[in-house]
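Thanks for coming. I will go through one structure today, and I will keep to local details. Please have a look at it before I start.

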Amino acid sequence: MKNPVCWIVLTGISIAFIQQGLPVRSQGESQSDNKQMDNITIRQGETLFLSCSQGDFVTHTAWLNRSSILYAGEDKWSVDPRVSLVTLNQDEFTIKIEDVDLTDEGQYICAVQTSSRPRTTSVHIIVQVPPKIVNLSKDLVVNEGSNVTLMCLANGKPEPAIVWRMVSASDDSLSSDNEVLEIPFISRYRAGVYECTAANDIAVDTQTVELTVNFPPSVSDGRDVGVTLGQRGVLLCEADAVPEADFEWYRDDRRIFNGFDGIEIEDDGGLSKLTFFNVSEADYGNYSCVAINKLGSANTSIVLYVQDGNSGTSTVFTPTCLLLIVLLHLLLKF
């Protein structure tokens, strides 16, 4: 049941309590003491304690938020479950608000009615909010040469500062003190993870975006390989491409498939291996490796040549030269 206080009349910053059956004293007839406390700054989610001194001969007291009564004496008027009474005695009147939010920001007044005159104490509450990134560009896949825009939006109080940077970059040429990071004519070397940081006096929020840059294959120069007749020989082809390249091997414009004539082709990411387990005279010659993805292709040539196992000297046999050697060998038999 409510106490005898039925109404609180706000006249300027003076507050007069009206009791049932008691006359109302106008502002001109009363004297009041009004005190302004220093602002209180609190972080979102914390508990706020509001306290004012009572003094002798207090008849009525109340805490107000703007024009709403929170507590009138020990009676709770607020329907907010976060608001509760902490202390009410001759010396102190304290309430608390748990889990403070932005909506709690503003002016609070402690109104005290003594036997002689009303007294008010007011305080302004400032609620600080840690930054939170609320809108961030999704992971992107673009082709080399495209123009890229990354966006990062954040809320917070004070307003957070936004900083973009490339995580793997060795310099700061790809940083931005702005919500937007522009990357014109992007190259393959700008692919990687980009970090957005939102920071204010309270905390820091960080999120990342992964940027993938597609580009056509580029193939390393092939290294000719010398192998002794009857030994194992391996030709290597290395390509850099995004998406990863598919490899094709050719001998004199004829494509070679895995398992053909005992040859094994093994692809592992950006590397392809063409393996001869028992090199014959017919295997010597020129081979081509072609790397292909959806953006283009590149190729290189590799020569498999005869290497003398004793002297370490090498000879490259073309198909015509190999034919002459076979004919000469047959003539010598006769």
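Does Asp-253 count as buried or exposed? It counts as exposed, because its relative accessibility is 80%, and the cut-off for exposed is over 50%. Keep in mind that this is a predicted model.

I picked Asp-253 for its backbone. Its phi is positive, about 65°, although Asp-253 is not a glycine. The residue sits in the loop between E22 and strand E23, which covers 254–256. There is another aspartate of this kind, Asp-261, with a positive phi near 50°. Asp-261 is in the loop between E23 and strand E24, residues 263–268. With 63% relative accessibility, Asp-261 counts as exposed.

Next, the cis peptide bonds. One runs from Lys-157 to Pro-158, with omega near 0°. Pro-158 belongs to the loop that connects strand E14 (148–157) with strand E15 (161–166). Another cis bond runs from Val-242 to Pro-243, and there omega is near -5°. Pro-243 is in the loop between strand E21 (233–242) and strand E22 (246–251).

Now the disulfides. How many does the structure hold? There are three. In sequence order, the bonded cysteines pair as 1-2, 3-4, 5-6.

Cys-52 is bonded to Cys-110, at 1.8 Å from S to S. Cys-52 is in strand E5 and Cys-110 in strand E11, so to speak distant parts of the chain, 58 residues apart. Both cysteines, Cys-52 and Cys-110, are buried.

Cys-152 is bonded to Cys-196, with an S to S distance of 1.9 Å. This link is left-handed, at -75° about the S-S bond. Cys-152 comes from strand E14 and Cys-196 from strand E18, 44 residues apart. Cys-152 and Cys-196 are buried.

Cys-237 and Cys-289 form a disulfide with their sulfur atoms 2.0 Å apart. The torsion about that S-S bond is about -85°, so the disulfide is left-handed. Since Cys-237 lies in strand E21 and Cys-289 in strand E26, the pair ties together parts 52 residues apart in sequence. Cys-237 is buried, and Cys-289 is buried too.

Technical notes: Residues are numbered from 1 along each chain as its sequence is written. This is a predicted model: local features need pLDDT of at least 70, side-chain atom pairs count only at pLDDT 80 or more; totals for chains, interfaces and linings use all residues. Side-chain values use heavy atoms; hydrogens and water are left out. Helices (H or I, at least four residues) and strands (E, at least two) are DSSP runs, numbered from the N terminus. Buried means under 20% relative accessible area, exposed over 50%, partly exposed in between (1.4 Å probe, protein chains only). A disulfide is a pair of cysteine sulfur atoms within 2.5 Å.
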